[in-house]
Amino acid sequence: MSTENSIGLSLFFVDTDGPVFGTEQDALDLLGQTYGKEIDVIVVPANRFSPDFYDLSSRLAGHFFQKMQNYRMRLVILGDISVPMAASKALRDFVSETNRMGYHLFVAERTELEDKLRRND
């Protein structure tokens with residue numbers, strides 16, 4: 001995990017490799033890793049989430065985002081999620097609405113991340 005200041009925000013990048021996030025407790029543990037640090041945004045690689053995260057009927061994504069919201073932490077999911085999105089209109093709508101609101105984001109690439117954070121800061 002690393003932190004980096006980009007466009008005036010302190011970003012906490014979660015490592016690409018590691019155990020998958022699959023529970024609400026994982027959200028709390030992730031928040032705990034940033035406790036006491038001046039972090040504005042947690043950036044998690046898309047592959048770090050369990051497949052259930054992208055199945056909205058599991059409610060895991062909603063719970064994960066809610067934990068972040070409760071602690072006023074922005075969450076960015078970075079990476080290609082085109083496969084689960086192609087399989088689920090509900091997920092496509094969720095991603096679209098999340099990105100439209102702009103507080104939390106789904107982005108495919110790092111350049112897109114910086115661009116969207118610049119526009120939504």
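This is a predicted model: local features need pLDDT of at least 70, side-chain atom pairs count only at pLDDT 80 or more; totals for chains, interfaces and linings use all residues.
**A friendly note on helices and charged pairs**

1. Residues are numbered from 1 along each chain as its sequence is written, and side-chain values use heavy atoms, with hydrogens and water left out.

2. What does Arg110 pair with? Arg110 forms a salt bridge with Glu114, with 3.2 Å between the closest N and O atoms. A salt bridge here is a side-chain nitrogen of Lys or Arg within 4 Å of a carboxyl oxygen of Asp or Glu. The two residues are four apart in helix α5 (residues 110–120), so about one helical turn separates them. Glu114 is partly exposed too, at 21% relative accessible area. An α-helix has 3.6 residues a turn, so residues three or four places apart point the same way.

3. Now step back to the whole chain. Its secondary structure comes to five helices and five strands, taken from DSSP runs numbered from the N terminus: H or I of at least four residues for helices, E of at least two for strands. From the N terminus, the order is β-β-α-β-α-β-α-α-β-α. The radius of gyration is 13 Å, close to the 14 Å that the globule rule gives for 121 residues, so the chain is as compact as a globular protein of that length. That radius is taken over C-alpha atoms, and the rule is 2.2 Å times the number of residues to the power 0.38.

4. Of the 121 residues, 42% count as buried. Among contacts (heavy atoms within 4.5 Å) with a separation of 6 or more, 70% join residues 24 or more positions apart.

5. After α1 comes Gly36, with a positive phi near 80°.

6. How many salt bridges does the structure hold? There are five. One of them joins Lys67 and Glu24, whose closest N and O atoms are 3.6 Å apart. This pair links distant parts of the chain, with Lys67 in helix α2 and Glu24 in helix α1, 43 residues apart. Glu24 is partly exposed, at 32%.

7. Another salt bridge joins Glu97 and Arg100 at 2.7 Å, N to O. Both lie in helix α4 (residues 89–101), three residues apart, about one turn of the helix. Glu97 is partly exposed at 38%, and Arg100 is exposed at 56%.

8. Finally, take a look at Asp26 in helix α1. Asp26 is buried but has no salt bridge, and the nearest side chain of opposite charge, Arg48, is 8.3 Å away. For charge, Lys and Arg count as positive and Asp and Glu as negative, with His and the chain ends not counted. Leaving aside residues up to four places away in sequence, Asp26 touches Val20, Phe21 and Phe64.

Definitions and conventions
Buried means under 20% relative accessible area, exposed over 50%, partly exposed in between (1.4 Å probe, protein chains only).
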